Amino acid sequence: MCGIVGYIGKREKKEIILNGLKELEYRGYDSAGLAVLKDSEIVHFKAVGKLDNLKEKTKDFKSDGSGLAIGHTRWATHGKPTELNAHPHLGKFSYVIHNGIIENYQELKKELQEKGAVFVSQTDSEVIVHLFEENLKNSKPFEAFEKTIKSLKGAYAILLITKANPDKIFFAKNLVPLIVGKNSQDEIFFSSSDAPLINLAEDVIYLNDLDYGYAKKGKIKLFSNGKNKNLEFKKLSVSKLSAQKEGFRFFMEKEIYEQSAVSSETIMGRINENDIILENIEDDFFEDIREITICACGTSYHAALTASYLLERISKIKTTVEIASEFRYKEPLLLKDTLFIVISQSGETADTLQALKMAKNAGLKTLSICNVDNSSIVRLSDKTLLTRAGIEKGVASTKAFTTQVLLLWILSLKIALLKKEIDKDFFKKEVENISKVPTVLKVDEKLHEKIRRLSKRYLHGHGFFFIGRDIFYPLSLEGALKLKEISYLHAEGYPAGEMKHGPIALADSKLFTIALMPKSLLYDKVKSNVEELSARDATILALSPLEFEIADDFIKTKGYDHPMLEFFEMTVILQLLSLEISVRLGNDVDMPRNLAKSVTVE
Ligand code: F6R
């Protein structure tokens with residue numbers, strides 16, 4: 001949700017801000033804006049829609065030499081994606097950019113309006129700049145900023161610049177990420193994530209909640225709770241693996257094709273013939289654990305559901321799966337002998353982060369499965385296993401999902417070994433199968449071509465059901481989510497055996513059913529469920545290694561003997577199917593409407 005960048009230094013500021021925002025655009029692309037403060041003058045630009053519109057607007061603007069700049073890319077929470085609602089928000093002589101939600105903005109706004117402040121946007125963020133200028137009437141700039149932050153309730157990453165103190169950027173962070181970086185040329189950078197800082201900053205501080213301060217050329221001052229804090233820099237250790245499409249049409253397509261390679265990374269160093277080695281996690285971490293709760297959102301939740309089958313079946317440990325946004329407010333029973341696992345690609349999802357905090361406060365052991373090192377979730381959890389999928393840019397998650405599931409499979413085996421629930425032969429076979437995953441995930445280009453042709457038939461109709469049983473049920477949820485996100489067609493994932501309890505009433509030739517029919521798990525049961533739908537004229541696309549005559553379309557899979565291998569093979573097929581349907585519909589595959597990659601608001 002929303003991306004923030006800031007820069008103090010002599011380079012062409014517009015370029016640094018625009019390049020930084022490009023890296024963050026996946027976090028929101030409803031509008032973008034930037035402001036440059038130089039020689040006590042502030043120039044700003046805003047544009048609705050993608051960053052290219054802002055680029056076009058600023059093409060003749062030059063901003064080298066001394067000064068500072070801030071930039072923002074927006075995912076709308078309060079107010080439509082209009083220019084007035086775009087950041088930076090303006091006071092009389094100060095500008096602010098903000099990611100998060102100011103929960104008490106209405107009362108603050110009312111008070112400020114009574115004092116004469118004129119609001120022009122519908123956003124919660126605008127209140128920050130007016131409050132700052134109000135406080136400035138009786139205080140020096142930094143004190144005014146400090147007072148402002150104290151009055152705010154909610155989540156925020158804030159950068160504020162003002163003509164009243166033209167050599168500083170004031171910053172504050174609570175509940176959403178903000179990083180400050182520096183280099184040996186005395187340049188200072190701010191960003192919502194690592195990516196924009198690569199090749200610019202050398203050392204970084206991942207700010208903690210309620211940290212605030214200011215930066216000026218070569219100097220950063222950090223505070224918390226009114227007290228000066230030491231600056232604890234870390235080396236920025238991320239490579240520019242990211243951002244190129246490398247010949248693919250879309251990041252999502254590239255990331256689907258990358259799954260084979262990144263899954264090798266996920267496995268690397270973690271399995272051998274006799275054991276599973278989880279870096280930085282001693283075996284005794286799992287001692288005395290009687291239950292597991294896994295908490296996540298969206299695609300990561302689907303990985304969690306898949307894992308619950310594995311943990312109960314292989315590790316014989318009771319596993320409950322929770323949607324983080326529901327978990328937070330249900331007053332859950334948190335029992336001490338429960339291992340609390342959170343799964344998150346970004347490591348910044350607000351609901352998942354808060355659920356993790358609740359578990360920590362209740363004294364539970366916590367483990368995160370995450371793709372972004374140093375993210376808020378990684379820093380908060382007791383232990384972390386990184387999925388090692390590399391930066392995922394496509395808003396629709398693909399390689400993060402497969403690596404999460406793979407890692408959770410490995411984790412299930414580890415727990416099973418420690419609990420002595422499996423014998424050596426079983427373990428050996430599992431390890432052999434795990435090593436096959438990178439091959440299974442390799443995209444067969446002929447199959448991709450077939451899916452491209454097939455996708456034509458599935459553009460219209462009145463909806464999709466993805467159906468499967470056991471681990472193929474969470475996969476059906478994931479298949480439906482992928483399709484919804486990027487094609488905007490209605491799709492549901494459903495347990496195949498549940499269709500007759502209601503949804504089958506929808507069946508007719510315009511109801512498209514994608515049936516997941518692995519041979520290694522409950523084939524006959526799913527087959528009967530699909531036949532019931534076919535008898536009611538539903539159009540069936542079956543994924544199976546076994547011929548299935550009544551299907552209207554059929555994708556023959558390879559027929560692996562292990563359900564997890566069939567699972568991974570079908571995952572790729574479902575990802576490609578939604579990709580190709582979206583392309584045919586002319587949608588923006590990588591930046592689908594209304595979505596953002598990292599959901600840092602609840
Ligand atoms: C779907 C998707 C989202 C995320 C969800 C959680 O393709 O990407 O559903 O899975 O927003 O995000 P993370 O995993 O970053 O916590």
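Guide: Let's start with the second largest pocket: domain 2 (251–440) and domain 3 (445–584) both contribute to its lining, so it lies between them. Those bounds come from an automatic or database domain assignment. Bear in mind that this is a predicted model, where local features need pLDDT of at least 70, side-chain atom pairs count only at pLDDT 80 or more, and totals for chains, interfaces and linings use all residues. Residues are numbered from 1 along each chain as its sequence is written, and side-chain values use heavy atoms, with hydrogens and water left out.

Visitor: How do I read a pocket or a cavity?

Guide: Rolling a probe the size of a water molecule over the atoms shows where empty space is left. On a 1 Å grid over the protein atoms alone, a cavity is a set of points where a 1.4 Å probe fits but cannot get out, while a pocket is an open set with protein on both sides within 12 Å along at least five of seven lines; lining residues have an atom within 4 Å of a point. Points are joined across faces, edges and corners, and the volume is the space filled by probe spheres set on them.

Visitor: So what volume does the second largest pocket have, and which residues lie nearest its centre?

Guide: Its volume is about 530 Å³. Of the 29 lining residues, Cys297, Gly298, Thr299, Lys597 and Val599 lie nearest the centre. Elements giving two or more residues to this lining include helix H7 (298–313) and helix H14 (472–487); helices (H or I, at least four residues) and strands (E, at least two) are DSSP runs, numbered from the N terminus.

Visitor: How does that lining divide by class?

Guide: Twelve nonpolar, twelve polar and five charged. Here Ala, Val, Leu, Ile, Met, Phe, Trp, Tyr, Cys and Pro count as nonpolar, Asp, Glu, Lys and Arg as charged, and the others, Gly among them, as polar.

Visitor: And how many cavities of 30 Å³ or more are there?

Guide: Three, searching the whole structure. The largest cavity has a volume of about 70 Å³, and its lining includes His78, His87 and His98. Strand E6 (residues 94–102) gives the most to that lining, with three residues. By class, the lining has two nonpolar, eight polar and two charged residues.

Visitor: What about the second largest cavity?

Guide: That one is about 40 Å³, with Phe189, Phe190 and Leu197 among its lining residues. E10 gives the most to the lining of the second largest cavity, three residues.
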